[in-house]
Amino acid sequence: TTDDVNIVGYLRNNADSFSLFVQILERTETDAFLNAYGAYTCFAPTNAGVNIWLSSIGASSVAAANIDVLKDMVRFHLLVDTITTGSFKDGKLPVPTMFGQFLVTGVNFESGTSSYIVNRQANVTKSNIRTGNGIIHQLNRVLVPSRVTIARQLETNPSYSIFTEALKATGFFNFLNTVNADTSKRWYTVLA
């Protein structure tokens, strides 16, 4: 037995930072399994980060947000494995999120200070918080999953118009515009 709190217990004990994320976990009914036995990594956005995200999706509160959007948000912040910053490399983490996409980590140097950055969207403000059922990394922003393929990203940027034409002429555009259900085969690097 242990007296260690699980992920949800830690977040509830630190409501000044995570009360909105806890509300999201409760509304999506994710709090039950995250408060039970397991091995998870939770990238937990602070209240300030959640407020910015809620505003960006046009929701005045957690209660007003679309439940499916909240469920996707939660799944994108959870990994079914315990990943410490020792596994953070410049590149994708070894395990996909419960949403099915990999997170990409790196180091951000700003104002004379280095910090880990996830998906070039959020800084890790506190890391490797050990709980009874996993690890928490505190984020200053909510992570947003990619909704556009690399082919479409290249196509929308006029700087890559000739490269996009070449991709289409060779058939690679369709290849890069398809999302493979097998997450181990989903990610490609394009040097454009």
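Select His137 first: in this predicted model, His137 sits in strand β7, which spans residues 134-139. With a relative accessible area of 0%, His137 is buried, because buried means under 20%.

Keep His137 selected and display its surroundings. Leaving aside residues up to four places away in sequence, His137 touches Thr41, Cys42, Phe43, Ala44, Ile83, Thr84, Thr85, Phe88, Val124, Lys126, Ser127 and Asn128. Lys126 is 11 residues from His137 along the chain, and their C-alpha atoms are separated by 6.0 Å. At Asn128, the backbone nitrogen lies 3.2 Å from a polar atom of the His137 side chain.

Next, select Asn133, in the loop between β6 (122-131) and β7. Is Asn133 buried or exposed? Its relative accessibility is 1%, so Asn133 counts as buried. The side chain of Asn133 reaches the backbone oxygen of Leu34 at 2.8 Å. Beyond residues up to four places away in sequence, Asn133 touches Asn6 and Ile7, together with Phe33, Leu34, Asn35, Ala36, Tyr37, Gly38, Ala39 and Tyr40.

Finally, select helix α2 (residues 15-27) and helix α4 (residues 47-56), whose axes come within 7 Å and cross at roughly 45 degrees. The two helices, α2 and α4, are therefore oblique to each other. By class, the contact of α2 with α4 has 7 nonpolar, 4 polar and 1 charged residues. To display this contact, select Ala15, Asp16, Ser17, Phe18, Ser19, Leu20, Phe21 and Ile24 in α2, which meet Asn47, Val50, Asn51 and Trp53 in α4.

How values were computed:
Residues numbered from 1 in each chain as written. Predicted model: local features only at pLDDT ≥ 70, side-chain atom pairs only at ≥ 80, totals over all residues. Heavy atoms only, no water. Helix = DSSP H or I, 4+ residues; strand = E, 2+ residues; numbered from the N terminus. Buried < 20%, exposed > 50% of the residue type's maximum accessible area, 1.4 Å probe, protein only. Contact = heavy atoms within 4.5 Å. Polar contact = N/O pair within 3.5 Å; in protein donor to acceptor, adjacent residues only side chain to side chain. Axes fitted to C-alpha atoms, helices over the stretch in contact; angles between N-to-C directions. Parallel < 35°, antiparallel > 145°, perpendicular 65-115°, else oblique. Nonpolar A, V, L, I, M, F, W, Y, C, P; charged D, E, K, R; others polar.
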